[in-house]
Amino acid sequence: MDIQRNPTRPVRIGSVTIGAGNPIAVQSMTATPTQNIDATVAQIGALADAGADLVRIAVDSKKDADCLVEIRRQTTANLAVDLQENYRLAEDVAPVVDKIRYNPGHLYHHMRDTPWQEKVRFIAAVAAENDCAIRIGVNCGSVDPAKASGYDRDDSMAPMLESALEHCAFLDDLQFTRYCVSLKDSNPQKVVDLNKRFSSRRSDVPLHLGVTEAGMPPEGITKTRIALEPLIGAGIGDTVRVSLTVANDRKVEEIRAGKTILADIAAGRVRTVVDFGSDSLNIISCPSCSRVENEAFVELAEQVRQVTRYAGQHPLTIAVMGCRVNGPGETDDADLGLWCGPKQVHLKRGSDLVGIFSYDEILLKLKEELDRIISAVAG
Ligand code: SF4
């Protein structure tokens, strides 16, 4: 299939360059605790051996940042760092990574009196000094609150777009142009719409594509395919990630799935678009990362799928998230949400907390709540 790619600008990330017609890069993220250096280096090695062009690592503390220095020493893979609220950690990690990912929606929690512009200026300066690219990573579950408040609550896409465009303009003004953007949602159709709308405004900015919280394979791969086929077919997208909820020893499946989808699109082997989740039970789950505090999370996601099969014909969404960092926000829009702590799981109905339960109790409580929703709808 002859695809006319968008004329994006080149952005070099270590030894790989995205944009400007370069091959679409495939990436993944480690899910091992960053402070477990051996496990993290081994996972990076496995991902690189599977063909990952770039591997992202979460860093939330000074101790994580110190470990990243040693991780860098032990691998030649292209590394990106995922910053959460503490943007100042950029200074510690930039010398040893190739890209810094920040989320505009997370720049608010830390040092609240400091304007976001000052924080981005700091990240851009650190990136420029250390030969790093930047990704502005906008995510449906953590939209910049200042932006979200300016729009109708039902219009989740407008504040995301606005946020991405605003940060692009700001980096451009700083004359920092070595950046890409991602706009991720757990709904594949929204990922298509968001990225089409963004690229119609900024066709010069390379895009990282993916469906967040796509869940377990095979559904997680299918959801990502649904988003990637129309976008890449339209020339949109310079790098991709297939986010899958799988155990650490299966993380390479993200790379294999990404490469398979890209090869299929290039060969014209595109599938009929499935209307995912519109009239059936939709389980979304995060791919896990180093922030997971209990490895039982991946197994729990699988158990949730099994015990809720009886409700397959109900148009409801159940979200299963691996940690307290993104879990509370990213479960708000689901009918039922679970987010995992070290010993307990928080069960939510929409944005309301139903209760906090042990890993042994949670499936029963989830089922009770699901039955309540189904009876209310039927009743
Ligand atoms: S929800 Fe938490 S554990 Fe899951 S991918 Fe996001 S940050 Fe990592």
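These legends describe close-up views of one predicted model. Residues are numbered from 1 along each chain as its sequence is written. In this predicted model, local features need pLDDT of at least 70 and side-chain atom pairs count only at pLDDT 80 or more, while totals for chains, interfaces and linings use all residues.

**View 1. The protein is divided into two domains, domain 1 (11-266) and domain 2 (282-378).** The domain bounds come from an automatic or database domain assignment. The C-alpha centres of domain 1 and domain 2 lie 25 Å apart. Domain 1 gives 21 residues to the contact, and domain 2 gives 19 residues. Two residues are in contact if their C-beta atoms, placed from the backbone, lie within 7 Å.

**View 2. The largest nonpolar core has 106 residues.** A nonpolar core is a set of buried Ala, Val, Leu, Ile, Met, Phe, Trp, Tyr and Cys residues joined through C-beta atoms within 7 Å. Buried means 20 or more other C-beta atoms within 10 Å of a residue's own; exposed means 12 or fewer, and partly exposed lies in between, with C-beta atoms placed from the backbone. Val 81, Ile 100 and Ile 123 have the most contacts inside this core. Helix α8 (residues 219-233) supplies the largest share, six residues. Helices (H or I, at least four residues) and strands (E, at least two) are DSSP runs, numbered from the N terminus. Domain 1 and domain 2 both give residues to this core, so it lies between them.

**View 3. Ile 123 and its contacts.** Neighbours within four places in sequence are left aside here. Ile 123 is then in contact with Tyr 87, Ala 90, Ile 100, Tyr 102 and Ile 134.

**View 4. Helix α1 (residues 37-49) crosses helix α2 (residues 62-74) at roughly 45°.** Their axes come within 10 Å. Axes are lines fitted to C-alpha atoms, for helices over the stretch in contact, and angles run from 0 to 180 degrees between N-to-C directions. α1 and α2 are therefore oblique to each other. Angles under 35 degrees count as roughly parallel, over 145 as roughly antiparallel, 65 to 115 as roughly perpendicular and the rest as oblique. The crossing of α1 past α2 is right-handed. A crossing is right-handed if the near helix is turned clockwise from the far one by less than a right angle, and left-handed if anticlockwise. In α1, Ile 37, Thr 40 and Val 41 meet Cys 67, Glu 70, Ile 71 and Gln 74 of α2.

**View 5. Helices α8 and α9 (residues 252-266) cross at roughly 40°.** Their axes come within 10 Å. The two helices are therefore oblique to each other. α8 passes α9 in a right-handed crossing. On the α8 side, the contact includes Ile 221, Thr 224 and Leu 228. On the α9 side, Ala 257, Ile 261 and Ile 265 take part.

**View 6. Leu 228 sits in helix α8.** Leu 228 is buried, with 28 other C-beta atoms within 10 Å. Beyond its neighbours within four places in sequence, Leu 228 is in contact with Leu 209, Gly 237, Val 240, Ile 261 and Ile 265.

**View 7. Gly 210 lies in the loop between β9 (207-209) and α8.** Gly 210 is buried, with 25 other C-beta atoms within 10 Å. Not counting residues up to four places away in sequence, Gly 210 touches residues including Ser 182, Lys 184, Thr 224 and Val 240.
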